[in-house]
Amino acid sequence: MAIINGREIDTNASPSAYGWVFQVGAGITLMLDNIKEFTSLKMEGASDDIEITVNNGKIYAQAKSVTQMGDQRSASHNLSASLKLLESDSKNGDAIKLIYITNIANPLSSNMSSAFQYEHVYDFSTLSEEDQNKITAQVGADFPTDKFQVYILNFFGEGDNKFKNVKEKISEFLREAIDDPSYNKRLLDSWFETFMVNCADKPDKEKEVNLSKKSIVLPVIILVIETPLGVEEFSKVCNYEDYYEIEQDFRDIINRQECDYEFVAGVLGDFLCKKNQQTDQGPYKYTYVKDEWTRYEPYFEFVKDIEKKEALIKFILLAIITKRSKIDKIREAAKL
């Protein structure tokens, strides 16, 4: 019994539930492989279909799974079923990739099983002649083998363990976007909450999910916005000894100022104006906060303690600039 987002899912007794969970993990993996190019994602539980729209066409994928590592019993059947659906997809005229994604170690029941490895993608042209013939024998002569790929995803274990490689894929994206992979578990939970249906309760009534890139990337931005400024960051601009005193005692003021459109726009405008005048535009945000915090004192005259006032203003300025910078980096990484 596994717990996913507070829900109990019996992965052994409910293969359809396990298959849906794998499909969502596969969908996240393929989405992140195409994070810069894709515009929307569609998943249909009834056919285990993953459809990713990119600027020049669509990526169609069929996801098939087993619950136990080394289980080859359904390999031939799953391959045949997937090829049949992918062949149908190829006739739509917009396919740029046709992917069979699975956690079966030897998905083609090949005599060269050692040639396949988890977390690898195999183009049709790289397969052995025997395996190529096995595929072409099950599809029509007009099937575009140059677009066909086999993707082997490691997806086994109990609870969070099965998501290990999916979380690593999320970490890669976060590392590139904001140089901080620590959000990977929270982002996985958020995306699964969006994609997931109650498989255990309604295994035959999976609902279709249509998601735009904007709606998928939004949780990343929300996580960044919701995360408070850290002690280490704060110490780079202020010597005030008790970070938590400022963060807790002035929490309402901090939240209010960070949500004040005019104040935020003014801070970011002032910061960007100054930054554009610098020859070295590296970590200028720290310099700006330390040098320019006094210009914002009129907004905080109600704080009588001078040291606390300085700490509070620096906290708010750095939080605003840091969040904006991270959001910009996320949008750039996702080409949003």
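Start by selecting lysine 169 and aspartate 33. They form a salt bridge, with 2.8 Å between the closest N and O atoms. A salt bridge here is a side-chain nitrogen of Lys or Arg within 4 Å of a carboxyl oxygen of Asp or Glu. Colour the two helices: lysine 169 lies in α4 (residues 164-178) and aspartate 33 in α1 (residues 15-33), so the pair ties together parts that are 136 residues apart in sequence. Helices are DSSP runs of H or I, at least four residues, numbered from the N terminus.

Before moving on, two notes. This is a predicted model: local features need pLDDT of at least 70, side-chain atom pairs count only at pLDDT 80 or more, and totals for chains, interfaces and linings use all residues. Residues are numbered from 1 along each chain as its sequence is written, and side-chain values use heavy atoms, with hydrogens and water left out.

Lysine 169 is buried, at 17% relative accessibility; aspartate 33 is partly exposed, at 35%. Buried means under 20% relative accessible area, exposed over 50%, partly exposed in between (1.4 Å probe, protein chains only).

Next, select lysine 308 and glutamate 245. Their salt bridge has its closest N and O atoms 3.0 Å apart. It links distant parts of the chain, 63 residues apart: lysine 308 is in helix α12 (residues 306-333), glutamate 245 in helix α8 (residues 243-249). Lysine 308 is partly exposed, at 22%.

Go to arginine 251. Its salt bridge partner is glutamate 247, at 3.6 Å between the closest N and O atoms. Arginine 251 is partly exposed, at 42%; glutamate 247 is buried, at 17%.

Finish with Glu233, Lys236 and Lys285, which are linked in a network of salt bridges. The structure holds 18 salt bridges.
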